[in-house]
Amino acid sequence: MREKKIGILCLQETHLTEEHENQINTLYSCRLRVINSKDGERPGTSAGVAFVLNKELTNTENIEFREIIPGRALILKTRWHNDEELIILKIYAPNNPAEHHNFWSIIKNSETRRNTQQIDLLLGDFNLTEDPLDRAPVRLDNEAATDALRDLRETLNVHDSWRKTHPTSRLFTFYSNANSYSRLDRIYSSPSHDNSLYDWSACTTAIPTDHHMIQVRYAPPNMPYIGNGQWSWPLGLINDEKLFKKISKIGLNTQRRIETNQQPGRSNPQSEWEDFKIKIRQEVKKTTKEHLYKINTRIRQLESDIKLTLSNNDIDTNSNTRSHKAWLESEINHLEKKQFKNLQLRSKVKWSTAEETISKYWCKINQQKKPRDIIYQLKIPNSNRLTSHSGKMAEIAKQYHESLQHENIHPVLQLRKNTSKTKIMNEIPNEQKFEDNDSPLSQLLEEHHIHMRHYTPQKLVAPAGNRWNTI
């Protein structure tokens, strides 16, 4: 969940007892919260559905949940950004088609009696498909079971958002031993969220499972625009000796140029410093690609091959084509497990070397996680309009705090300030004053001013790493 930045993970066939659930919530209390619905008769060996909430990304306080069918249907009501409520119905349908009609009817009657709020998302393992395209080879499912599911969807007013966006595409989440594919795992949504769901994908996971994980991003229309953020040094390269030697060499060359180019008209220290930062950033990105190149490039190649296989017209009639797709997916799964194992190994090494040391690492792993506070909108000065663009909001906040520096200054303090300024200026020799255009200081400042005009205030960085807003 941390690596893929998953806010809410929905699981089925959890087979969790109450003891196991409490153990997980205790071990990962700083990062996760698990809400599980277990099978009433065989909690440790049958069914089970659960929500896993990432405390770093989602609000885990004041949430509500309700069981409709123990181990099979669970509703979660949580607050999303800006106090917006999100209601998710998680289901795990029976394997036997004969049981589907009764299963969907129970859920429908429960929600009809309660007359509750609109369900935002209906998701899970449905163990049947509505569209023949969702199976390879193509075939229709049990008609009575399909009709019961459609009746529930109409009652809840949800539809298959992915299929609506991709009416002719193929996407499968389950591969059976009979060499057939199906899209059993789906996410239905309210029509009001059609424009808020994007980046759909079905991917394998390093955790052993026979189903693919369906992922989608949800961004309500009232959310602020947030960019990609500032580039940061990858943590995995902090102790890379080869990279440090390359950067040291670049730094020594930069230092020599700064020391030799002190005459007016040549490049100045500010431009050399900026050039140095650009070069080390390029070197770090190059090294990062070299470290991750082999596995990530191979995964991208395999994913591209899978797309070509899915577009093949004989995937429904040729078992070899389906077997080839299964082999491609197994290769991706193997590589992802390898990456996951390396990540686990690095975490174990870090823990074994720093577990009893009072450090930033120790404090961070024991710190309670919570989502970052977000400013959703700010009023544009001298207008009645609001903006939700993060860059514009940052500029409004900057101007506001700068204005505070000059607001309500006492006249006596202002007089003292002006008197001190006049006294200092009188003590400066004439050849060093700004008004003397022929003075060396004036020429240096003019050169500095010309150079700084090539940079925007947002990109100026002080040598100590602090951001300069004005010079």
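**Exercises on a predicted model**

The model is predicted: local features need pLDDT of at least 70 and side-chain atom pairs pLDDT 80 or more, while totals for chains, interfaces and linings use all residues. Residues are numbered from 1 along each chain as its sequence is written, and side-chain values use heavy atoms, without hydrogens and water.

**Exercise 1.** Classify the ring pair of Phe172 and Tyr181.

Step 1. Rings of Phe, Tyr and Trp (its six-membered ring) pair if their centres lie within 6.5 Å; planes under 30 degrees apart are stacked, over 60 edge-to-face, and the rest tilted.
Step 2. The model holds six aromatic pairs. In the pair of Phe172 and Tyr181 the centres are 5.5 Å apart and the planes at 35°, so the pair is tilted.

**Exercise 2.** Classify the pair of Tyr175 and Tyr181, and state the exposure of Tyr181 and of Tyr175.

Step 1. Tyr181 has 2% relative accessibility and therefore counts as buried.
Step 2. With centres 4.7 Å apart and planes at 45°, the rings of Tyr175 and Tyr181 form a tilted pair.
Step 3. Tyr175, at a relative accessible area of 31%, is partly exposed.

**Exercise 3.** Which residues do ring pairs link into a cluster?

Step 1. The cluster consists of Phe103, Trp104, Phe126 and Tyr188.

Methods
Buried < 20%, exposed > 50% of the residue type's maximum accessible area, 1.4 Å probe, protein only.
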